[in-house]
Amino acid sequence: MRSARRAIPPVLFACLLLAGCKPVSLGTSTSSESRSPVAGASGSAAPVGSGRAIAVGAGPQKHYTVQQQPVAGSCHYRYQHGEPLEDPKCTPGAISPAVTQTNLKSTICRKGGYTSGIRPSTSVTGKEKELNAASYGFTGRMGDAEYDHLISLQLGGDPNDYRNLWVEPADPGHRKGSGVNNKKDPVETKLHTAVCKGQVTLAAAQKAIVTDWTTALTTLHLG
């Protein structure tokens, strides 16, 4: 059988000899794009320091639709000091392109509030919560679990990207039937205040809460 290898063009051959260039496989793809667990997810991302990039979602929409969720049973909770953390493979976080460091005063730091005008309706998030509970294998009381934005809306998190939403179980010692009351919420508020006061950047706050919400304040020296 004849070899299918292509002859190296003279210009490329000269480059290899004189400039020490590495040979490139011709006609093949070297893409390392990761695949999303559900169809239709955005592949764009925003860099956050030297760590991994946070995905960029679609941002606020006039009409939200129920988003597909990871396969049932494919997500697993982690625990830090007894507190529940998301599965980073299923819920890596996603930010809104509508919120940037340069427009904080007109978005998340705006007087009068920002989040109420971009939050999806319960008719959408209620269905997503049930589907996501199956993704995580959650079997507790749904009324005590929060369908939580990993990067909160007040920190520029995407409103309805499946990568930014997860069923957050109740904290340890939480009394059953008493409703949602998670320790993550005051962490989000303190980060929001620090961002709006210019104590930390938006990107730093987003990165800290995506990495581990239980250590976000101490990581940024806000504890």
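The side chain of Gln69 reaches the backbone oxygen of Gln67 at 3.1 Å, a polar contact being a pair of N or O atoms within 3.5 Å in which, within protein, one atom must be able to donate a hydrogen and the other to accept it, and residues adjacent in sequence count only if both atoms are side-chain atoms. The structure is a predicted model, in which local features need pLDDT of at least 70 and side-chain atom pairs count only at pLDDT 80 or more, whereas totals for chains, interfaces and linings use all residues. Residues are numbered from 1 along each chain as its sequence is written, and side-chain values use heavy atoms, without hydrogens and water.

Gln69 is located in the loop between strands E2 (54-56) and E3 (78-80); helices (H or I, at least four residues) and strands (E, at least two) are DSSP runs numbered from the N terminus. The side chain of Gln69 also forms a polar contact of 3.0 Å with that of Asn132. Gln69 counts as buried because its relative accessibility is 10% (buried, under 20% relative accessible area; exposed, over 50%; partly exposed, in between; 1.4 Å probe, protein chains only).

Helix H2 (residues 122-136) contains Ala134, which at 39% relative accessibility counts as partly exposed. Beyond its neighbours within four places in sequence, Ala134 is in contact (heavy atoms within 4.5 Å) with Ala72 and Gly73. The C-alpha atoms of Ala134 and Ala72 are separated by 4.9 Å, although these residues lie 62 residues apart along the chain.

Strand E6 (residues 146-149) pairs with E7 in the antiparallel sense over 4 bridges, pairing requiring at least two bridges found by DSSP. Tyr147 stands opposite Val167 in E7.
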